[in-house]
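Okay, thanks for making time. I'd like to walk you through one model today, so let me put it up on the screen.

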Amino acid sequence: MTFPTPSPADWKALAEKALKDRPLESLVHLDADQLAVRPLYGAATGVDPLFAPRPSDAEGRAWDLRTLVEGDEPAAVNTAVLADLEGGAASVVLKGAVLADSAPLTAALDGVALELAAVGLDAGLDGPDAANALAVAGKGSPRARLMFHMDPVSAFAETGEAPRSLEEHLTLAANTAARHAGAYPDASFFMASGRVAHEAGGSIGQELAFAAANAAALIKAAIDAGMTAEQALRGTVLGVAVDQEYFDGLAKVRALRLMWRSLSRAFGAETPAVIEARSSRRMLSARDPWPNLLRLTAAGFAGAVGGADAVVLDGFSRASGRPDAFARRQARNTQLVLMEEAHVGRVDDPAAGSWFLDQRTRELAEAGWAEFQMIEAEGGIVEALRGHVIQPRVARARQTLEAALSDGAAQMVGVTKFVDQEPRSAPAEAEPRLAPEGGGDACVPLTPIRLAAPFEAKEAGR
């Protein structure tokens, strides 16, 4: 028995019936970059296949399981660092007052074999001083795996002020990198992150552009400081945020790898991208922190499948303050399950060959590159921040996100949907508030947001 093959009109009629007579076009939506996301993709889209794998594995693992340890007391930080490394982490990033000098930093790293476990910094505008302290802790060992990760542009953009001009901060970071490059040939020196745009509500294209423009500014400063283009490129790590929108997150990581290929070629020394993906903080809820575990798992999946070289997941209680030991353990174990049990890193580029993901990757790369060219046309990231070029564009993207949550087009579990009327809190340490620097340079800040905050305020007022 044979059955007639339905015509395209028949399929269209069946689809519209399932949609309760809504048109098929209602399934197409525009994102914050005004890119159309369709319900179905196929070979007819004409997308060339993409392949954007990690350049290599991380010490036998698919990616570097990295943790963030924040603290001010060396002994407490040391306990947390050793617990994370013994609990499965391969590297750590340090943040807090322990970075102020070599003595507290060395004490915080007591018992850590720097030749085996990479140690990185998140020191904001104090990056050069923290880098000097870490160089002392490394004791000049050429095999020490140090990640200085100086990123003055992001710190300036977030706070809106700096004690010196941003050009001076870039020069200081570049000179510091050039000074330590000989002693630590395998170190990474710069973190060219776009996360500050994401956390302020920016679109994916804006985040990718910020990362690329940040990298361009750092590399130019490093070359001016005497480093070769290849040294500067190889010493730069790219930073992006990944959230619960895992398809977009993994496409974003792949798109950044494509953009870096073009950027490194422009500097005359094509090098593979090294990407650190950190979980988004704007996606976290404070009133009911437990659904954050789901969001963080999705973010970890995005970073891993997208091909990030290192993935950093926050503790699920991060929206209320610094995570405690239990929250950090949950963050580590989430990655371990993805890596050791789900085996999501067994394939070099799992997204390759998907019509949707290939097209989404290419469109995001093109959107990011267009935003990057706009920034460069304004004179670079420094002038674009000072001239208030980037900030209003990010503000418009933020408004699009907030409107989608407000009118129900987007949802947050535990915040806008399936809200627990009696949520159970999670322990967290208070976040220290730092006094503003004041002085040398200023811009309108890209202030971090939390998308759940307005809804939580309404719940608190009931």
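Before the sheet, one bit of bookkeeping: two strands pair if DSSP finds at least two bridges between them. Helices (H or I, at least four residues) and strands (E, at least two) are DSSP runs, numbered from the N terminus. Keep in mind that this is a predicted model, where local features need pLDDT of at least 70, side-chain atom pairs count only at pLDDT 80 or more, and totals for chains, interfaces and linings use all residues. Residues are numbered from 1 along each chain as its sequence is written, and side-chain values use heavy atoms, with hydrogens and water left out.

We have 8 strands closing up in the order S3-S4-S5-S6-S8-S9-S10-S11, with parallel pairing. On average, neighbouring strands in this sheet are turned by 30° against each other, direction ignored. To zoom in on one pair, S8 (residues 188–193) and S9 (residues 236–242) run parallel and are joined by 4 bridges. Which residue of S9 is the bridge partner of Met191? That's Val237.

Axes are lines fitted to C-alpha atoms, for helices over the stretch in contact, and angles run from 0 to 180 degrees between N-to-C directions. Helix H4 (residues 127–137) lies across S5 and S6, at about 170° to S6. Helix H12 (residues 325–341) packs on the sheet too, touching S3 and S11, and its direction makes about 175° with that of S3.

Next, a helix pair. H5 (residues 152–159) and H6 (residues 166–181) pack at about 150°, axes 9 Å apart. That makes them roughly antiparallel, the label for angles over 145 degrees. Who touches whom? From H5 we get Pro152, Val153 and Phe156, meeting Leu166, His169, Leu170 and Ala173 in H6. H5 is mostly covered, with 6 of its 8 residues buried, and buried means under 20% relative accessible area with a 1.4 Å probe, protein chains only. Among those buried residues are Ser154 and Ala155. Just after H5, Gly160 takes a positive phi of about 80°.

Last stop: Gly306, which lies in helix H11 (residues 292–306). Is Gly306 buried or exposed? Its relative accessibility is 0%, so Gly306 counts as buried. Leaving aside neighbours within four places in sequence, Gly306 is in contact with Ala52, Leu250, Val253, Arg254 and Phe301. Ala377 is another matter: 71 residues from Gly306 in sequence, and 30 Å in space, C-alpha to C-alpha.

Note on methods. Contact = heavy atoms within 4.5 Å. Parallel < 35°, antiparallel > 145°, perpendicular 65-115°, else oblique. Buried < 20%, exposed > 50% of the residue type's maximum accessible area, 1.4 Å probe, protein only.
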